[in-house]
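Visitor: Hi! I'd like to walk through this structure with you. Can we start with the core?
Guide: Happy to, let me bring it up.

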Amino acid sequence: MKEVKILSPTGHLGFTPIEEESFWKGVDRKPNFICADSGSCDIGPYPLGADVAASPEEWQKHDLELMLLASRELDVPMIIGSASDTGTNRGVNQFARIIKDLAKKHKLKPFKMATIYADVQKDVLLKRLEKGEVIEGLHGRPPLNKETLLRTDHIVAVMGVEPYIKALEEGADVIIAGRSSDVAVFAAPALWSGIPEDIAFYAGKVLECASFVAEPFAGKESVLGILREDEVIIEPMSDYQRATPESVASHAMYERIDPFIEWLPGGYIDMRGCVYEAIDEKRTRVRGSKFYRTPEYKIKLEGSGKVGERCFMIVGIRDPYLIANLDRVIEWSRKKVKERFGESGYELYYHVYGKNGVMGELEPIKNPTPHEVGIIVEGIAPDLEMAKELTYLAGRNFLYARLVGVKGTAGAAAFISDEVLVAHPAYEWTINHLIKVNDPLELFEIKFETVGGE
Amino acid sequence: MKKVPLVDLAKTIRSKNAGVDHITFDIIFRDREVYEYIKQNQLITKEMVAQIYNISPEKIVLFVYFDPAKAIKFTIRRSKPSGSPGETDVMGAQQYPPLFEISLTLPESLLKEEGGGSKG
């Protein structure tokens, strides 16, 4: 019976370092592939928009070094998707550089590295829009229009399995890819090895978050997937974790809209028929997943655009009278900003911790009685000087709030420090859309080079 | 029959982003029979969670009982994409606590092993 073993050491390479003990245990099992995804939208729109990493390079290096050394030792491919958090060309080039440095450091024998790029240039999409093509919005977003496209700073296309398979066919030993479906990073080598689509795609889905599929809850521990013709077996490599039918089923729904259907480039996984079965205390077998191809091949586009420069100011309030009349205090602050800057051309938010700082409008407790509150004033403006001034004005005016009945007329606010903190600029997810392609490879560029042997 | 808060019956109650436009909630039960009873009697509904979060039921794009995990899952549409100006929870990871207090009335026979249970 055909069997393919895939080692998944981390759900987000570089975000926090891989645990080494369970990783090496996994390597001892002689996997056929070592795969990891390195990207996420959870980090917000800033890293993609500004095209910067969200993870420290030291941690990225740590994880890449472990995987590279194990992959070369076993002489099996190592596959990385969504390089450096964003999966932009910057991320691919950064990881490729790290791989080359590591090859030199460890005097590794020559190997073939594939880099797969996923950046999409604005004018490519602009031309397609001008030709009348519809780029449909996901989840109720309207179709992409020119205005939204032009205020976007960076766009990536989310690749499916095809670019990876192409790289494997060409003999890649190491694949560093840009933005990818998490599932594709694992499904591609399985498909290339002859595992049927029904199992390969589902296996990708359960393996992509590594130890999150097992219990008790733990991150960054390695998990081994054993894939066969009609089943996938999940086996955690750490001593203390177990993959149970429930932990594996629970994972099917983790951070996904729907626990039964998972949409991917070119099709979807149907998990309605999945049967989860405990093999023993530690391992669970899953059968019955399906993969269906869609008639048209659609690829997701992700884009982020800058809204403005952003500053924060931290304000504390302890006076119960002011807390009880907080809405009026905030109104005062807002009014002073309006007097200086007018009604529009900036954005101003008051995050009131102690009231609804975490949940905002979703907070069901409407009238809490905290003994103190902390307010983060968030000011956004087209340029940094204005953002600073705006945030100072809004924050300092808590000190001067004029409310009839205030006893503490020497100041109605406490500051840790009378200062405005310059934050990352504000960005927004402008594009979450689907584009039709004739060829699954058409938005992606694959390059090969020989590394090592120096 | 006995009234029990959801927090005492669930092993896991969590929230998390599902992509950039949604937050998804998972309530995973500890006991299969308790789960089945709540499911059969529809003790937790889409309308109930819409009311808790003060949103219209149309904002809940999915609400299902998911048998393999003994779980209820629902997904809500964000008012703005994650991380937009004014964001309070970029990963959507702290939106679940109001679910703790959902009060459920169950037969005491089902609760014999649940006494003193705490959240997992």
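Visitor: Which residues touch the most other members of the largest nonpolar core?
Guide: Those are A:Ile99, A:Ile175, A:Ile176, A:Ala187 and A:Ala203, in a core of 123 residues. Keep in mind that this is a predicted model.

Visitor: And which element gives the most to this core?
Guide: That is H8(A), with 8 residues.

Visitor: What is A:Ile99 in contact with, leaving aside its neighbours within four places in sequence?
Guide: The partners of A:Ile99 are A:Leu64, A:Leu68, A:Met113, A:Val174, A:Ile176 and A:Val451. One of them, A:Ile176, is also on the list of residues touching the most other core members.

Visitor: What does the second, separate core include?
Guide: That one has 28 residues, and A:Tyr46, A:Ile375, A:Val377 and A:Ala401 are among them.

Visitor: Back to H8(A). How do the axes of H8(A) and H9(A) cross?
Guide: Helix H8 covers residues 182–192 of chain A and helix H9 covers 197–207, and their axes come within 7 Å, crossing at roughly 145°. The crossing is right-handed.

Visitor: Which residues make the contact?
Guide: From H8(A) there are A:Val183, A:Ala184, A:Val185, A:Phe186, A:Ala187, A:Ala190 and A:Leu191. H9(A) brings A:Glu197, A:Ala200, A:Phe201, A:Ala203, A:Gly204, A:Lys205 and A:Leu207. By type, the residues of this contact divide into 11 nonpolar, 1 polar and 2 charged.

Visitor: New topic: how many residues does each chain put into the contact between chain A and chain B?
Guide: Chain A gives 34 residues and chain B gives 38. On the chain A side, helix H10 (245–253) and strands S16 (347–353), S17 (373–381) and S19 (426–437) each supply at least two residues.

Visitor: How do the residues on that side of chain A divide?
Guide: Into 18 nonpolar, 7 polar and 9 charged.

Visitor: Now the strands. In which sense do S12(A) and S13(A) pair, parallel or antiparallel?
Guide: Antiparallel: S12 (residues 275–278) and S13 (residues 284–287) of chain A pair over 4 bridges. The two strands form a hairpin with 5 residues between them, and A:Glu277 stands opposite A:Arg285 in S13(A).

Visitor: Last one: how many helices and strands does chain A have?
Guide: Chain A comes to 13 helices and 20 strands. Its C-alpha trace spans about 80 × 55 × 50 Å along the principal axes, and 49% of its 454 residues count as buried. Among chain A contacts with a separation of 6 or more, 76% join residues 24 or more positions apart.

Terms used. Residues numbered from 1 in each chain as written. Chains lettered and ligands numbered in written order. Predicted model: local features only at pLDDT ≥ 70, side-chain atom pairs only at ≥ 80, totals over all residues. Axes fitted to C-alpha atoms, helices over the stretch in contact; angles between N-to-C directions. Left-handed = near helix turned anticlockwise from the far one by under 90°. Contact = placed C-beta atoms within 7 Å. Nonpolar A, V, L, I, M, F, W, Y, C, P; charged D, E, K, R; others polar. Core = buried A, V, L, I, M, F, W, Y, C linked by C-beta atoms within 7 Å. Buried ≥ 20, exposed ≤ 12 C-beta atoms within 10 Å, placed from the backbone. Pairing = 2+ DSSP bridges.
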